Amino acid sequence: MNVAVMKTKAEQAISENFEAVAEKLPGSEAVKARRAEAIGAFSGLGLPHRRIEEWKYTDIRANVKEIFPSAIHDAARITIAELIVALGPLAHVDAHRIVFVNGHHRFELGDLANAEGFKVAALGEILASASEDVSAALATTPEGGDAVEALNTAFMTDGAVVTVAEGVTVAKPLMIVFVRAGAHAHSVTVRNSLMVGKNASADVIEAHVVLPGASADAQLNTLTEVTVAKGAMLIHAKVAVDDGKALHLSNCDVTLDADATYRSFQFSTGLGLARNGLNVIFEGEGSKIDLSGAYLARHSEHIDTTLVVDHAVPRCESRELFKGVLDGHGRGVFQGKIIVRPDAQKTDGKQMSQALMLSEDAEFDSKPELEIYADDVVCGHGTTVAELDADLLFYCRSRGIPEKEARALMIESFIGEAIEKVDNEQLRDALAAYAMQWLGRSVRG
Amino acid sequence: MLEIKNLHVKLADEDRMILKGLSLNVPKGEVHAIMGPNGSGKSTLAYVLAGRDGYEVTDGDILWNGESIIDMEPDERAAKGVFLAFQYPMEIPGVAGLTFLRTALNSVRKKRGEAELTTPAFMKLVKEKGQKLNIDIEMLKRPVNVGFSGGEKKRSEILQMALLEPTLCVLDETDSGLDIDALRIVSEGVNALRDKDRAFVVITHYQRLLNYIVPDKVHVLADGRIQKTGGKELALELEKSGYAEYTHKAA
Ligand SMILES: Nc1ncnc2c1ncn2[C@@H]1O[C@H](COP(=O)(O)OP(=O)(O)OP(=O)(O)O)[C@@H](O)[C@H]1O
Ligand SMILES: [Mg+2]
């Protein structure tokens with residue numbers, strides 16, 4: 001008997017949920033058809049589980065027993081003051097904002113009126129009102145048969161649709177803020193689309209934050225589709241900070257045309273069970289990507305970073321640096337696949353994943369994979385797992401720094417090397433502040 | 001006064017003894033130089049003074065101002081005024097020099113019952129002390145010692161010392177790797193700290209340093225003990241005759 005056919009309670013709940021809300025989800029008939037297709041695809045696949053190679057270390061089916069009500073008509077409203085509280089250190093980052101609360105655009109919390117250079121719209125509004133072909137184009141399920149992305153198509157309510165026109169260089173970043181709030185259990189599904197035109201250049205920060213007091217029972221599915229046109233550059237940060245319980249399923253699918261640059265930074269902390277998927281396809285020659293990130297996990301938090309970089313064409317460069325700090329029973333997973341297709345000569349790919357273990361009960365699984373079909377390439381990967389360096393601790397302590405503080409300083413230094421990759425100084429400071437807060441609680445405290 | 005009494009030290013996870021009954025007194029206000037062949041235990045002594053793990057004191061004691069320090073944690077010792085300028089200063093990637101200095105200074109001040117310094121007061125102090133050692137503030141914005149040349153690392157150690165104002169200063173081969181100008185600058189930095197309440201232990205291989213930092217006494221450490229003590233002229237003698245006499249005696 002094929003076990004995959006047997007549906008778990010959660011899988012059943014998802015299908016039932018869909019039946020219940022399908023009519024209320026935004027979108028024309030064409031969009032509804034796409035959603036129905038997607039839920040059909042999901043039914044065939046089920047929740048990802050450990051017998052699927054890419055989900056070996058992150059078994060969603062086994063860990064997600066319950067599905068929370070979809071925040072389809074979520075009325076949660078927050079004030080600007082609450083938004084600032086939820087943003088925490090991110091509030092100090094000078095950026096235009098578009099704000100969503102429990103997956104619904106809240107116009108009054110944003111300041112897009114003068115977001116010069118960006119064309120920003122809310123997906124929910126587009127789905128509800130735009131022409132068939134425009135809205136249907138936004139409701140596709142990315143190829144690859146991923147159950148999480150299929151669920152995203154089925155349930156997505158809203159998100160930011162951002163375009164930067166050809167040749168435009170935008171100075172000030174755009175921050176797409178997703179706040180979760182409200183004392184009720186909820187599941188939220190959002191989708192963004194970032195399109196950067198030829199020779200344009202922009203900086204987008206995607207922030208997933210929580211308003212204190214929000215229910216700990218939260219599930220998020222987020223998908224961001226990115227296209228960077230010829231000669232364009234996108235700097236894209238994703239910051240996910242929650243209170244330690246939430247399920248966070250995230251995907252970012254990136255396509256680059258020739259001579260394009262994509263710099264990504266993913267920061268995660270306080271996520272109960274997280275999967276950060278990042279898929280990049282090089283479609284034009286001479287492009288460069290830098291995918292980096294930092295994550296901190298403790299208690300029994302689980303943070304999975306899964307990258308697939310597809311060098312489909314020659315002369316592209318990819319750099320990856322991910323650093324994780326794991327305390328308590330925290331678990332980090334890093335999977336990094338670099339595919340170099342037969343034609344992709346002169347590919348230059350380097351990947352590094354490092355974990356710092358603060359506890360004997362912490363766990364780190366790393367699976368770098370190089371699939372190289374071309375011969376004239378330079379590719380490499382490395383993984384390190386370490387504890388705090390006793391010599392450096394001694395050096396700090398010999399300068400009078402107490403042990404706890406020395407440990408915090410060392411952890412900051414470890415994670416700081418990744419955070420240094422963030423181009424925006426204010427964002428860098430905000431992420432360092434999050435790291436300090438985390439240390440304040442689990443190391444200094 | 002620093003009193004080292006019959007100190008026996010072995011490696012924590014090996015049976016080998018490194019210091020075998022070392023005794024030495026360094027009164028406040030004095031500078032004592034320690035010279036000796038490679039591998040004789042000079043750095044070991046320095047580390048044991050600072051409280052590094054990996055060494056085990058099997059016998060003897062170390063008193064600083066009449067108080068035994070051998071059971072104290074390294075940061076407690078630092079608060080009591082002990083400072084070691086490392087033979088090989090460590091690099092701390094990711095921690096800006098200024099952050100490190102400020103954390104260290106404020107930790108020590110707190111333990112000594114003094115108020116933490118405000119940012120402007122701290123910056124002013126670092127600039128002033130840095131200038132004397134030819135260390136630009138820009139250098140301190142970089143991670144601690146990362147990418148520094150050998151000489152820059154040594155100067156950075158002396159800057160830390162100048163900021164923390166320790167009362168027992170142990171310098172482990174601070175002169176190695178310094179060019180002629182840096183040697184003078186570092187020596188001036190050390191001499192500026194000399195006063196009646198401070199004791200210095202200066203470990204060196206070269207008599208030249210002692211022209212700049214003139215010692216009250218010179219000790220020869222070989223085979224885990226002080227084999228001979230003399231005035232500054234002993235360094236000149238050693239320069240000529242080497243350590244054959246002492247290593248021979250030890251054998
Ligand atoms: N952590 C250690 N592990 C193994 N051996 C050690 C350790 N520390 C010291 N030793 C050994 O102890 C002896 C003394 O070393 P130490 O570094 O104290 O010598 P030193 O006098 O400072 O030499 P140099 O002039 O070369 O700096 C050496 O034989 C050294 O190899
Ligand atoms: Mg030595």
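Which residue of chain A forms a salt bridge with R52(B)? In this predicted model, the partner is D391(A), and the closest N and O atoms of the pair are 2.8 Å apart. Between chain A and chain B the count is 4 salt bridges. Chain B also supplies S43(B) and Q87(B) as ligands of a magnesium ion.

**Interface between chains A and B**

- The contact involves 18 residues of chain A and 32 residues of chain B.
- About 2000 Å² is buried between the two chains, and carbon and sulfur atoms give 66% of this area.
- On the chain A side, the residues that lose the most area to chain B are F394(A), Y395(A) and R399(A), which together make up 39% of what that side buries.
- Polar contacts between chain A and chain B join 10 residue pairs, both residues being at pLDDT 80 or more.
- Two or more residues on the side of chain A that touches chain B come from each of α8 (390–398) and α9 (403–419) of chain A.
- With 7 residues, α8(A) gives the most to that side.
- By class, the side of chain A that touches chain B has 8 nonpolar, 3 polar and 7 charged residues.

**Magnesium site in chain B**

- The magnesium ion (ligand 2) is coordinated by OG of S43(B) and OE1 of Q87(B), at 2.0 to 2.2 Å.
- S43(B) lies in helix α1 (residues 42–50) and Q87(B) in the loop between β6 (82–85) and β7 (92–96), so the pair ties together parts of chain B that are 44 residues apart in sequence.
- S43(B) is buried, at a relative accessible area of 18%.
- Q87(B) also counts as buried, with 14% relative accessibility.

Key: Residues are numbered from 1 along each chain as its sequence is written. Chains are lettered from A and ligands numbered from 1 in the order in which they are written. This is a predicted model: local features need pLDDT of at least 70, side-chain atom pairs count only at pLDDT 80 or more; totals for chains, interfaces and linings use all residues. Side-chain values use heavy atoms; hydrogens and water are left out. Donors are N, O and S atoms within 2.8 Å of the metal (3.2 Å for Na, K and Ca); water is not among the atoms, so sites may look incomplete. Helices (H or I, at least four residues) and strands (E, at least two) are DSSP runs, numbered from the N terminus. Buried means under 20% relative accessible area, exposed over 50%, partly exposed in between (1.4 Å probe, protein chains only). Contact means heavy atoms within 4.5 Å. Buried area is the accessible area (1.4 Å probe) that two parts lose on being put together, summed over both. A salt bridge is a side-chain nitrogen of Lys or Arg within 4 Å of a carboxyl oxygen of Asp or Glu. A polar contact is a pair of N or O atoms within 3.5 Å; within protein, one must be able to donate a hydrogen and the other to accept it, and residues adjacent in sequence count only if both atoms are side-chain atoms. Ala, Val, Leu, Ile, Met, Phe, Trp, Tyr, Cys and Pro count as nonpolar, Asp, Glu, Lys and Arg as charged, and the others, Gly among them, as polar.
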